[in-house]
Amino acid sequence: MRLPTVQDVERLLPRPDDFTSRSRGTGLTARVGVALGVAFGLCFVTGLWSHLQQDPQDWVPLGPSPAWLYRVTQGVHVVAGTAAVPLLLVKLWSVFPRLFLRPPTGRRALVVEALERVSIAALVASAVFMLASGLLNIAQWYPWDFSFRRTHNAVAWVAIGALLVHVAVKLPVIRTALGAPVDDEPVDDEPVEEDHEDGPSDAGDGPTRRAVLLGAVSASGLTVLLTAGQSVPWLRDVSVFAVRNGDGPQGLSINRTARAAGAVDGASSPDYVLEVVAGGRTVSLTREQLAELPQRTHRLPMACVEGWSKDAVWTGVAVRDVLALVDAPPGSDVRVSSLQTRGAFANTDLPAAFTQDERTLLALELNGETLSLDHGYPCRIIAPNRPGVLQTKWVRRLEVTA
Ligand SMILES: Nc1nc2c(c(=O)[nH]1)N[C@H]1C(S)=C(S)[C@@H](COP(=O)(O)O)O[C@H]1N2
Ligand SMILES: [Mo]
């Protein structure tokens with residue numbers, strides 16, 4: 001018996017022409033591609049913005065105003081990413097037969113083709129990774145060991161680079177495809193085909209491309225409706241897919257509980273004091289002493305990186321008033337440490353622009369009640385226009401760093 005040769009295997013593989021469904025076509029691919037490009041563009045810009053808040057660079061001016069900005073950018077980030085899922089699936093399905101294109105002859109053509117395929121492989125792999133890792137992060141399920149934020153950010157650059165290369169290479173095809181109707185011929189004029197048991201007819205089976213396009217866009221729109229309520233209050237009741245919608249004890253979702261953070265003992269200890277440190281000076285304040293300082297009340301959103309956000313009324317001491325007790329110069333950078341003993345986000349940095357703002361609070365009350373243990377008792381940071389992960393709960397120490 002002879003082993004099958006490469007030619008034998010090649011004969012068994014389908015060719016792009018073997019896929020005769022009328023549902024596929026460049027008109028469909030290009031239109032879904034444009035929608036996907038917009039979604040990925042929005043995700044990239046808002047994602048970079050969120051990354052920079054958590055990893056500040058000198059050249060990016062970050063500040064507390066407007067207070068709602070991060071809430072909007074991160075809401076857009078998560079909604080656009082979720083809406084991209086059905087679009088990506090339809091896009092991949094529409095170009096799948098091209099996987100079976102045979103390599104061209106001639107060395108030059110072969111090199112060009114190989115380069116294009118490598119860029120497409122990078123694009124597909126990175127796009128799938130971005131959406132999958134983003135969705136898993138929203139679900140707070142981490143089946144990996146790497147840092148989500150750093151990896152999601154690094155792969156985003158691969159995705160956006162590969163996307164730009166792809167658009168540049170395909171630009172002539174895209175322009176032609178967008179200039180023509182999505183279906184080759186008007187649907188109404190098509191003769192009614194009978195179903196053939198022995199495979200697709202020559203004209204091709206399946207829904208028209210217009211129908212597929214409509215389906216893809218509707219699925220994407222539906223995804224938006226089902227998730228946007230995590231940040232858009234009047235959609236809360238519609239958004240059954242929203243993992244968290246902002247509601248919870250004291251009128252606000254709880255992200256990590258005091259127990260999960262290992263903060264219960266420290267937070268309920270009668271010996272609790274807040275340490276405020278600048279240069280050589282340290283002041284220790286009990287919770288009662290904090291409550292005796294001038295109190296301010298502000299309505300500020302909690303805006304989680306996972307997309308959910310909600311306004312709440314916070315009462316407490318302005319961070320800048322506390323810093324004044326140790327004669328810290330106005331506009332100091334501050335390191336915030338918490339009582340947390342387990343997991344990430346135990347310590348955060350509060351840049352000068354935030355410590356200067358009188359709305360940046362060490363909150364003692366949430367929506368008119370004493371902060372519950374899970375919301376950060378004895379006191380927590382709440383600042384305008386900040387990602388939720390930086391709104392440190394169970395604060396133990398504020399130290400001026402610069
Ligand atoms: N010390 C500490 N603070 C923390 C966290 C944490 O894990 N540890 N989680 C943050 C995250 S991710 C969010 S979204 C907010 C949520 O605050 P809440 O649980 O009071 O709504 O708290 C932030 N503060
Ligand atoms: Mo969060």
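## Stop 1: around the ligand

Select ligand 1: 20 residues surround it, and the closest are S253, Q340, H375, R380 and K393. Keep in mind that this is a predicted model.

Now show the contacts one by one. Start with S253. One of its backbone N or O atoms lies 2.4 Å from an oxygen atom of ligand 1. Go on to K393. An N or O atom in the side chain of K393 is 2.6 Å from an oxygen atom of ligand 1. Then pick Q340. A polar atom of its side chain lies 2.6 Å from a nitrogen atom of ligand 1.

## Stop 2: Q340

Where does Q340 lie? Q340 is in the loop between β5 (334-338) and β6 (347-350).

Is Q340 buried or exposed? Its relative accessibility is 11%, and the cut-off for buried is under 20%, so Q340 counts as buried.

Next, show what Q340 touches. Leave out residues up to four places away in sequence, and the list is R256, A261, G262, A263, F345, A346 and W394.

Look at the loop too. A polar atom of the Q340 side chain lies 2.6 Å from the backbone oxygen of R342. For the backbone oxygen of G343, the distance to a polar atom of that side chain is 3.2 Å.

Q340 and R2 are 338 residues apart in sequence. In space they are 68 Å apart, C-alpha to C-alpha.

## Stop 3: H298

Select H298, which is found in strand β3 (residues 296-303). H298 has a relative accessible area of 16%; this is under 20%, so H298 is buried.

Which residues is H298 in contact with? Leaving aside neighbours within four places in sequence, they are A312, V313, W314, E358, R359 and L361. Pick out E358. A polar contact of 3.3 Å joins its side chain to that of H298.

## Stop 4: the second largest pocket

How do you find empty space in a model? Rolling a probe the size of a water molecule over the atoms shows where it is left.

Go to the second largest pocket, which holds about 1300 Å³ of space. Helices α2 (26-54), α3 (69-95), α4 (107-138) and α5 (148-179) each give two or more residues to its lining.

Select T29, K91, S94, V95 and R98. Of the 42 lining residues, these lie nearest the centre of the pocket. Finally, colour the lining by type: 24 residues are nonpolar, 9 polar and 9 charged.

Key
Residues numbered from 1 in each chain as written. Chains lettered and ligands numbered in written order. Predicted model: local features only at pLDDT ≥ 70, side-chain atom pairs only at ≥ 80, totals over all residues. Heavy atoms only, no water. 1 Å grid on protein atoms, 1.4 Å probe; cavity = no way out; pocket = protein on both sides within 12 Å on 5 of 7 lines; lining within 4 Å. Points joined across faces, edges and corners; volume = space filled by probe spheres on them. Helix = DSSP H or I, 4+ residues; strand = E, 2+ residues; numbered from the N terminus. Nonpolar A, V, L, I, M, F, W, Y, C, P; charged D, E, K, R; others polar. Buried < 20%, exposed > 50% of the residue type's maximum accessible area, 1.4 Å probe, protein only. Contact = heavy atoms within 4.5 Å. Polar contact = N/O pair within 3.5 Å; in protein donor to acceptor, adjacent residues only side chain to side chain. Near = heavy atom within 4 Å.
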